[in-house]
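Here is a short report on one protein model. Start with the display, then read on.

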Amino acid sequence: LNREWSSQPLAPDQNGWDWFSLRFASGDKLMGFVLRGDREDYTSGTWITAAGESQPLAPGDFHATPLDWSQVAGRDVPTRWQVSLSARNLSVEVTALNPGAWMGTSFAYWEGPVSVSGSHQGSGYLEMTGYGSSASSTP
């Protein structure tokens, strides 16, 4: 489920990313991400049918909103999300299986498996970067 989509550094006005790779019981898949910016966020993604056909999402179609935060390694990190894609009648909750899955490497980030429930059932993987100290990361 984890495929690197970029090795490029963030632009100076970008704070981090939230990257979702979701696999549904139907066999369909969704890869979507949010690049969090100072002024606005950038979203993109791909819907992959059970037959393996890739369909790029239109700009702004992918929505991911934090619902719950966990204290991890001195940071507030979103570990439960609402993900929606209206073009596919998709509205799901994405929940971290291990909220404490912080990777304290030289470029620290959170990554781990997630469960998916709601309009579609499934599982997936989530990677998040750019969450600083707890005082600066909660909206």
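Is H120 buried or exposed, and what is its relative accessible area? The model is predicted. In it, H120 has a relative accessible area of 16%. The cut-off for buried is under 20%, so H120 is buried.

H120 sits in a loop. The side chain of H120 makes a polar contact of 2.8 Å with the side chain of S119. Leaving out residues up to four places away in sequence, H120 touches F24, W47, R88, N89, L90 and V92.

**The chain as a whole**

The protein chain has ten strands and one helix. Along the sequence the pattern is β-β-β-β-β-β-β-β-β-β-α. The chain has 139 residues, and 40% of them count as buried. Its accessible surface is about 7,300 Å². Carbon and sulfur atoms hold 49% of that surface. Take the contacts between residues at least 6 apart in sequence: 41% of them join residues at least 24 apart.

**Confidence**

The average pLDDT of the protein chain is 88, and 86% of the residues score at least 70. Two elements mark the lowest and highest mean values among the elements of the chain.

| Element | Residues | Mean pLDDT |
|---|---|---|
| Helix α1 | residues 134-137 | 42 (lowest) |
| Strand β7 | residues 90-96 | 98 (highest) |

Residues 1-5 have a pLDDT below 50. Beyond near neighbours in sequence, this stretch has 14 contacts in the model. Residues 134-139 also stay under 50 in pLDDT. For them the model has eleven contacts beyond four places in sequence.

How values were computed: Residues are numbered from 1 along each chain as its sequence is written. This is a predicted model: local features need pLDDT of at least 70, side-chain atom pairs count only at pLDDT 80 or more; totals for chains, interfaces and linings use all residues. Side-chain values use heavy atoms; hydrogens and water are left out. Helices (H or I, at least four residues) and strands (E, at least two) are DSSP runs, numbered from the N terminus. Buried means under 20% relative accessible area, exposed over 50%, partly exposed in between (1.4 Å probe, protein chains only). A polar contact is a pair of N or O atoms within 3.5 Å; within protein, one must be able to donate a hydrogen and the other to accept it, and residues adjacent in sequence count only if both atoms are side-chain atoms. Contact means heavy atoms within 4.5 Å. pLDDT is the predictor's confidence in each residue, from 0 to 100. Accessible areas come from the Shrake-Rupley method with a 1.4 Å probe; for residues, only the protein chains shown count as cover.
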